[in-house]
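Hi,

Here is the structure I promised to pass on.

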Amino acid sequence: MQAIFENFANLTWQQVVMWGVGGVLIYLAIKKKMEPTLLLPMGFGAILVNLPLSGAVTQGAEVGIISELFGMGIANEMFPLLLFIGIGAMIDFGPLLSNPKLMLFGAAAQFGIFFTFSMATLFGFELKDAASIGIIGAADGPTSIFIANYFDSYFMPAIVVAAYSYMALVPIIQPPFIRLVTTKKERQIRMEYEEKEISTATRILFPILITMITGLFAPRAVALIGFLMFGNLIRECGVLDSLSETAQKVLANLVTLLLGITIAARMHAEEFLQWYTLLILGLGLIAFIFDTIGGVMFAKLLNLFSKKKINPMIGAAGISAFPMSARVVHKMGLEEDNQNFLLMHSIGVNVSGQIASVIAGGLILTFLG
Amino acid sequence: MWMNFIDYQYRFKVDVGAFAGSLKWMALGMVGIFFVTALIIGSVYLLNRLSSEQFKQKLRRFFKR
């Protein structure tokens, strides 16, 4: 009889709290529909690894499957990269190719990454950890995992939780800060969309070109940008439709399925239940806020010099949380003027943010790697 | 696996020196990202131009000569 209850002696209150954390993540995923594909597996994984002497994680010489998956899929950066093939296959760069200038907003909206990086150093984080925290502002889960893992950051679980949670919270985080830095008149600026035909050759050459340019300046980002653009090349080449479909659906789903539960390998109570987790969540929020402000302010700056006025709200879509951010901007435009359709512009900025966030990550790896 | 990490100690401090040092990376990062972006924009314009019907016609005319 004693043997049945033996394991209870190994239970700590921190583990119980982690069950609660797991429960909250599962609740947010199911009830609030916040990034359920990631938060639900992470939540369940948090419970799984925090059961005393859990067989799912390595205990001494006894190898656990989640620890093994972590070694095989995240420690070598394979899962985030495979996921990028799927994401690349999902993205239509058409609106961006029609109006390449939109990429500038994507670049400006990465300000939050670098600002938060500096803020994290102010609060005593080491340079590489600060960079990993700053990259929450990439608003791009795989990039956050890739960078935090590359720098072997101790804070990866908190960083990943922050990145995915805030991505889901973009519709709540962005609007008040967009309103804060814009006037009603600015928000009512109408922008016409001229649809230009993009040749197949341009669509095919674009991913190749992006990979080469980024690779030359940020060689450590080649894997990230390369896999993203490989997915896009499969989509655009026109002869690999079945592979493109597989990448978009089967591959992306399979990797996501394993990614969430595997990240939980690092959500062990001793690591996660520290007060600095709250600090990292706070810094992550700062990253998202300053990404938004950076994009909007850059659009306002351009308006000082351009005859054709830009609705500064589209700058906020450069945050890369795709496609939520574009939808937020479009909706806000309609709220101000029900004939103001900003969707195509904001989608263009949004996909450019996807590229820019990877470039930002690559530059950080190049600077500090 | 995480036993390696438990030794890690993060202590909260306000490190103005480190913050000032990081501003260099912030500036370099923003300059870098705008530079790479400008190159990409330039290349896309070039791609659009080279694949336009007008350019193709010019090429055809050139080779017919």
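The contact between the two chains takes 41 residues from chain A and 35 residues from chain B, where residues are in contact if their C-beta atoms, placed from the backbone, lie within 7 Å. On the chain B side, α1 (3-6) and α2 (16-50) each supply at least two residues, and α2(B) gives the largest share, 23 residues. Sorted by class, that side of chain B has 25 nonpolar, seven polar and three charged residues. (Nonpolar here covers Ala, Val, Leu, Ile, Met, Phe, Trp, Tyr, Cys and Pro; charged is Asp, Glu, Lys and Arg; the others, Gly among them, are polar.)

Before you read on: this is a predicted model, in which local features need pLDDT of at least 70 and side-chain atom pairs count only at pLDDT 80 or more, while totals for chains, interfaces and linings use all residues. Residues are numbered from 1 along each chain as its sequence is written, with chains lettered from A and ligands numbered from 1 in the order in which they are written.

Chain B itself has three helices and zero strands; helices (H or I, at least four residues) and strands (E, at least two) are DSSP runs, numbered from the N terminus. Of its 65 residues, 22% are buried, that is, with 20 or more other C-beta atoms within 10 Å of their own C-beta, again placed from the backbone (12 or fewer is exposed, in between is partly exposed).

Leaving out residues up to four places away in sequence, A:A264 touches A:M42, A:G45, A:A46, A:L48, A:V49 and A:I66.

Helix α10 (residues 141-150) of chain A is mostly covered, with 10 of its 10 residues buried. Just after α10(A), A:D152 takes a positive phi of about 55°.

Cheers
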